[in-house]
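Please keep the sequence and the structure in view while reading.

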Amino acid sequence: MEVRVEDLAIVRGGLRVLEGVSFRLPSARALVLRGPNGIGKTTLLRTLAGLQPADAGRVVPGPDAMAYASHADGIKATLSVEENLRFWARLHGTASITAALRDFNLETLAERPAGSLSAGQKRRLGLARMAVTGRAVWLFDEPTISLDADSVALFAAAVGRHLEVGGSAVIATHIDLGLAGADVLDLAPYKAAPPEHGHDFHEAFL
Amino acid sequence: MMALIARDLALSVRAGGGFGLALAFFLIVVTLTPFAVGPESATLSTIAAGILWLGALLACLLSLDRILALDYEDGALELLATAPIPLEGVAAAKALAHWITTGLPLTLAAPAFGVLLNLPAPGYVWLTLSLAIGTPALSVIGTFGAALTVGLKRGGLLLSLIVLPLYVPTLIFGAEVARRGAEGQGLAGLSTPFALLGGITLATIALLPFASAAAIRINLR
């Protein structure tokens with residue numbers, strides 16, 4: 001499924017941060033988003049996921065084709081690893097979680113309460129959730145935070161397999177994942193012009 | 001949606017889930033009442049229906065900020081918003097799970113607590129029925145309040161201030177059913193408040209999940 005983003009403008013905190021963002025992402029390709037802190041990588045991903053409306057422009061397909069992994073993993077500490085993952089699988093109507101557990105090396109941790117996992121193990125559980133959504137386009141926001149080198153390789157391999165079956169991925173990251181078939185989009189040229197009047201009077205109260 | 005209800009029920013009975021908190025609070029309110037108003041059984045049986053309803057309502061209020069705040073903090077609410085079920089369904093499932101873990105135990109415990117307040121014998125049936133019909137409205141209205149305050153740090157107090165005025169109609173008609181029932185009036189005497197109580201519950205169940213979903217959407221932006 002091809003992702004088309006046309007002339008997208010996005011807003012954070014009432015101000016435009018990016019405008020005129022356009023790209024095409026064919027199936028079986030990944031797009032790596034780059035740009036300095038605060039440029040709007042997270043906001044762009046949230047807009048693609050349908051969590052906030054775009055100020056202008058359009059995204060095809062809609063949010064129903066997208067699976068979004070934010071900084072927070074939505075893990076419940078008192079449920080086991082398997083229960084956490086099975087919940088998301090049932091919600092998305094996916095039958096099996098064994099492949100996701102295997103791909104992210106969680107099989108030996110399946111019975112452990114998620115609250116007792118290390119930060120990197122929690123992150124792997126959060127990323128494994130993407131594999132049970134059954135959606136074509138995966139959106140990742142800094143997926144490799146707190147992952148060690150082996151886990152980064154596991155993650156890159158899982159994304160690689162997703163691309164092989166015709167999926168696609170948009171990844172905001174600062175490190176090189178070594179993905180075959182990845183394009184890089186630098187967001188810096190799309191930075192929105194600052195507002196002309198500086199701060200409005202009423203903005204001081206926002 | 002069944003998956004979400006099952007998960008919320010599992011979370012509430014695990015450690016730190018808060019199941020039983022409302023029940024314990026209800027018990028304490030009921031046992032403190034005789035200390036405050038005196039132990040004369042005549043006085044207690046006059047006010048029993050009202051105190052039991054008020055206690056159940058306050059106990060329900062206690063757990064409202066858990067409905068959405070925990071899911072908001074760990075990011076699960078955002079992920080639920082991108083899941084295939086609509087947010088209206090999420091709001092309805094959350095309200096139902098809250099009722100099963102709070103409203104239902106309160107309803108079942110109320111007759112036992114009625115003994116402590118010397119509730120007159122004909123009142124037990126009507127108290128239980130009025131709570132069974134009224135408490136779903138408390139959970140649905142509470143979910144709406146939780147949706148409005150979900151992005152706020154320590155929004156619990158604000159949540160109470162928003163929700164309590166909305167609880168007034170349910171309290172008035174619910175307590176009225178229980179009071180008239182305790183006075184020995186049969187169905188003929190209390191059909192009006194009974195019908196109004198049911199009407200409020202049905203209307204809130206039909207309308208408020210949409211308002212809750214809209215509030216969640218805005219708060220997630």
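A nonpolar core is a set of buried Ala, Val, Leu, Ile, Met, Phe, Trp, Tyr and Cys residues joined through C-beta atoms within 7 Å. A residue is buried if 20 or more other C-beta atoms lie within 10 Å of its own, exposed if 12 or fewer, and partly exposed in between, with C-beta atoms placed from the backbone. The model is predicted: local features need pLDDT of at least 70 and side-chain atom pairs count only at pLDDT 80 or more, while totals for chains, interfaces and linings use all residues. Residues are numbered from 1 along each chain as its sequence is written, and chains are lettered from A and ligands numbered from 1 in the order in which they are written.

**Core**

The largest nonpolar core has 127 residues. A:Leu85, A:Leu139, B:Leu52 and B:Ala56 have the most contacts inside this core. Helix α6 of chain B (residues 87-116) gives the most to the core, with 13 residues. Helices (H or I, at least four residues) and strands (E, at least two) are DSSP runs, numbered from the N terminus.

What does A:Leu85 touch, leaving aside its neighbours within four places in sequence? Its contacts are A:Ile97, A:Ala100, A:Leu101, A:Leu125, A:Ala128, A:Arg129 and A:Val132. Two residues are in contact if their C-beta atoms, placed from the backbone, lie within 7 Å.

**Strand β3 of chain A**

Strand β3(A), residues 30-34, is mostly covered, with 4 of its 5 residues buried. Two strands pair if DSSP finds at least two bridges between them.

| Partner of β3(A) | Sense | Bridges | Partner of A:Ala30 |
|---|---|---|---|
| β7(A), residues 168-172 | parallel | 4 bridges | A:Ala169 |
| β8(A), residues 182-186 | parallel | 5 bridges | A:Ala182 |

**Between the chains**

20 residues of chain A are in contact with 20 residues of chain B. On the chain A side, β5 (66-69) and α2 (81-91) are the elements that give two or more residues. α2(A) gives the most, with 3 residues. By class, this side has 10 nonpolar, 7 polar and 3 charged residues. Here Ala, Val, Leu, Ile, Met, Phe, Trp, Tyr, Cys and Pro count as nonpolar, Asp, Glu, Lys and Arg as charged, and the others, Gly among them, as polar.

**Chain B**

Chain B has 9 helices and 0 strands. The radius of gyration of chain B, taken over C-alpha atoms, is 18 Å, close to the 17 Å that the globule rule gives for 221 residues, so chain B is as compact as a globular protein of that length. That rule is 2.2 Å times the number of residues to the power 0.38. The C-alpha trace of chain B spans about 55 × 35 × 30 Å along its principal axes. Of the 221 residues, 49% count as buried.

The unreviewed UniProt entry annotates "transmembrane region" over several spans of chain B, including 123-148 and 155-174. Such annotations may be inferred rather than shown by experiment. Residues 123-148 of chain B are 100% helix and 0% strand, with the end C-alpha atoms 36 Å apart. Residues 155-174 of chain B are 95% helix and 0% strand, and their end C-alpha atoms lie 28 Å apart.

B:Gly155 sits in the loop between α7 (123-148) and α8 (156-182) of chain B. Is B:Gly155 buried or partly exposed? B:Gly155 is partly exposed, with 19 other C-beta atoms within 10 Å. Leaving aside neighbours within four places in sequence, B:Gly155 is in contact with B:Asp65 and B:Thr149.
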